[in-house]
Amino acid sequence: MKKLLVLTLVVFMIAGGLFAQGGKEAEAAASDGKITLTVWQDNTTPDRQAHLEKTVADYMATHPNIDVKVTSLPNSAADKMMVAFAANQGPDIYFSSGPEVSDWVEAGYIIPLDEYVEKSFVKDRLLPQSIADVKSKDITGQDRIWFLPLGTAFYVLWVRPDWINAVGGKSDTWDNLFDAIPKMTDKSKDQYGLAIRGGKGSVTFLERMMYSYSGIDSVFIDGKCTINDPKNVEFVDRYSKMYNVYTAEGDLNYGWTELSAAFDSGSAGVIIHNLGSGDNHVKAFNNDLTKFEAVPLPVGPYTGKITTQFQQEAGLVISKTCKHPDEAFELGSYLATGASVSGFCRMYGLVPVDKEVLAKDAWLKDLPWYDMASKAMLSDNIVFYNYYSWLPGKNKVYQDLVPDFQQVLVGKLSAQDFLDDWAGRFQKLYDEFYATKK
Amino acid sequence: MKQKTKNNLARFFVLYIPLFLFMAFIVFPLLWAMSLSFRDGASIISKEFRFLPKSFMIDNYRYVWNTVKLSQFFKNSLITSFGCVFFVGLMSLMNGYALSRIDFGFKRPFMIILLMTQMVPMVFNISAIFILMTKLNLNNSLFGIILLHIAASLPYNSLMMKSFISGVPREIDEAASLDGCTQVQTLWHVILPAVRPGFVTVIAYSFITCWNEYLVSYTLLTDASKFPISVGLKYLQGEFSTDYGALAAGCVIALIPPVLLFAYVQRHLVEGMNAGAVKG
């Protein structure tokens, strides 16, 4: 019994020591007169973590009065952030993945940054369309800046140039691509012209392709949803009929991991994704650029232009509970520009929106897919459609419609019925949102 | 054909073959993960199927242990799991004894409340827990995580211990009392040896629950160096890609303590699971 009591005492002492340690750290931070800022970043891997830690260490070396505490989180931290913000325990600065910013604005968890931006060097460093895009996403309708943009995702087709050249095909227009895919398919060799994402995330990607085909420049025009426009219906019809004819049967349940594996293992000739998967393809094909290439989304038959999203959802937000917002913004502007954002975008597969980085950084020229994306984004032949990313409830609709899209793929639901239902759901969200604003 | 041979054949087809198939389902993924953990990235994504790697390399283990800092996450998990197991073991033994042997007011409602706590999923309470732990200044400490694990495990394990202790005849307590034992001595020297299999079951169950716990640790801890191994493994799943070799190595490392524990306690565990099965 004595042994047990001694053991209990020891465990309590250890636990108490651990408990007290936290208090001592906090006291130490407060007593040395430094300003402590907390920075959280999600979707981190060891490489991404190392980059942020080095960037912050460089910053602290030139700002001895600032102590920055970094927390790198694996996976998306949207739920963790919601809980932390609700308990007033959010970080001072958070690298947001984007869509959830609207919720935080509505809940009053973050502060507007437009006045800071107006006085800061970042105003002239960031692409004007980038700032305009951030303002257009202000859910309050006041065109305010709620996050500092870092980069934009650019959606591309990853294609096998060796396969497409071998059949004399092209991927510049949707019509040419639809002609080439059957020719690239050779089921006897387990080789398919296309891999369709039918599982998790499928509807989001379908939307991108639909608008690329139809060339319609907004999901809502004059308050009416365009999802079920006949041109979009035409695309879904043509696209879904390729399933299990020029694609593998398993595509029905493909999420990103399976889609990537199909391309990287040499089973599929064309997939859609962003530039973030470039490093995977480099590894899979041993950097043999004759075997993989990123091309812009094809030109649709109706406009003759590339139509895509300006998906600038990664950005820095500052929490309302931040006690030193001036210092936090200064740190934020450092993180959103120069070497910091360059490394961030390189690792997260984004095209930076800092003009200096875009003009000078070598990796944007050296990696063909980034070079292609930079040129495409600056060309006159590109249209960025308004996809209303901020519309509350939109992401849930995407998730809920995945089984319906699978029904379309297997021929149990028509493209028209599917898109009518989708448009109805979006229209409801839109009407409800504006009803509350009246 | 002799009857004995017939019986052996029937036993082989009805018992051994299905058991072997079930075992293959369980063991194959583990062996496959071990195989992946010793390979380089190129051989993992290659189309060629190969169970044994061409050359064994331990780079994945080095990478996850040092670069991904799995060593730190592993240590954190050991602290929280052993911290929790110690208190849960001790307290559930005492609770189980009280619930089984002592008649006190509102005993039945108390037991129902204990059961009810197990019916609410943790995710439902997570915001409230976060606020509570923040108010107590425990939201970013391993001690706070240990306390939560204890709170989450204790009700179920107390009821389990109650069930095991109820299986021990009260006459044994009375005999101990006649020999001059106090209640604490009776619990420690008489009851505990009698319910050792059940006690080991409680220990093993609460250890595994703590070791695998993800949601509370991920939500409450704001300092990444305090994450347990269940959260640490998530660093190996990238946004666009997964380092399968490293992930497999990390999973193999994470498996070591539970496997060692089960290897040590398995005999008691099986006895323990059966021992309280029919006791009210």
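## A tour of chains A and B

In this predicted model, begin with chain A, where 15 residues of domain 1 are in contact with 15 residues of domain 2. On the domain 1 side of this boundary, helix 18 of chain A (residues 368-378) gives the largest share, 6 residues. Sorted by class, that side holds 10 nonpolar, 3 polar and 2 charged residues.

To colour the two domains separately, select residues 20-152 together with 312-377 for domain 1 of chain A, and residues 155-309 together with 383-437 for domain 2. The C-alpha centres of domain 1 and domain 2 of chain A are 30 Å apart.

**The nonpolar core**

Next, select A:Val156, A:Ala195, A:Val236, A:Leu316 and A:Val317. These are the residues with the most contacts inside the largest nonpolar core, which has 175 residues. Helix 7 of chain B supplies the largest share of this core, 12 residues. From chain A, the core draws at least three residues from each of domain 1 and domain 2.

Centre the view on A:Val156. Which residues are in contact with A:Val156, leaving aside its neighbours within four places in sequence? They are A:Asn274, A:Leu275, A:Ala294, A:Val295, A:Pro296, A:Leu297, A:Trp369 and A:Ala373.

**Two loops of chain A**

Move to A:Asn286, in the loop that runs between helix 13 (278-284) and strand 9 (293-296) of chain A. Although A:Asn286 is not a glycine, its phi is positive, about 55 degrees. Is A:Asn286 buried or exposed? A:Asn286 counts as exposed because it has 8 C-beta neighbours inside 10 Å, and a residue with 12 or fewer is placed in that class.

Then select A:Tyr388, which lies in the loop between strand 13 (382-384) and helix 19 (394-400) of chain A. A:Tyr388 is likewise not a glycine, and its phi is positive at about 50 degrees. Because A:Tyr388 has 17 C-beta neighbours inside 10 Å, it counts as partly exposed.

**Where chain B touches chain A**

Now show both chains together. In this interface, 33 residues of chain B are in contact with 32 residues of chain A. On the side of chain B that touches chain A, the elements giving two or more residues are helix 2 (41-45), helix 4 (70-101), helix 6, helix 7 and helix 11 of chain B. Helix 6 of chain B provides the largest share of that side, 5 residues. By class, the side of chain B that touches chain A has 15 nonpolar, 14 polar and 4 charged residues.

**Helix 6 of chain B**

Select residues 122-135 of chain B to display helix 6. Its 14 residues reach 19 Å from the first C-alpha to the last, close to the 20 Å expected at 1.5 Å a residue. Where does helix 6 of chain B bend? The bend, of about 35 degrees, is at B:Ala128.

Within helix 6 of chain B, the buried residues are B:Ile129, B:Phe130 and B:Met133. In an α-helix there are 3.6 residues a turn, so residues three or four places apart point the same way.

Finish at B:Asn137, which follows helix 6 of chain B and has a positive phi, near 55 degrees.

Conventions. Residues are numbered from 1 along each chain as its sequence is written. Chains are lettered from A and ligands numbered from 1 in the order in which they are written. This is a predicted model: local features need pLDDT of at least 70, side-chain atom pairs count only at pLDDT 80 or more; totals for chains, interfaces and linings use all residues. Helices (H or I, at least four residues) and strands (E, at least two) are DSSP runs, numbered from the N terminus. The expected span of a helix is 1.5 Å times one less than its number of residues. The bend at a residue is the angle between axes fitted to the seven residues ending there and the seven starting there. A residue is buried if 20 or more other C-beta atoms lie within 10 Å of its own, exposed if 12 or fewer, and partly exposed in between; C-beta atoms are placed from the backbone. A nonpolar core is a set of buried Ala, Val, Leu, Ile, Met, Phe, Trp, Tyr and Cys residues joined through C-beta atoms within 7 Å. Domain bounds come from an automatic or database domain assignment. Two residues are in contact if their C-beta atoms, placed from the backbone, lie within 7 Å. Ala, Val, Leu, Ile, Met, Phe, Trp, Tyr, Cys and Pro count as nonpolar, Asp, Glu, Lys and Arg as charged, and the others, Gly among them, as polar.
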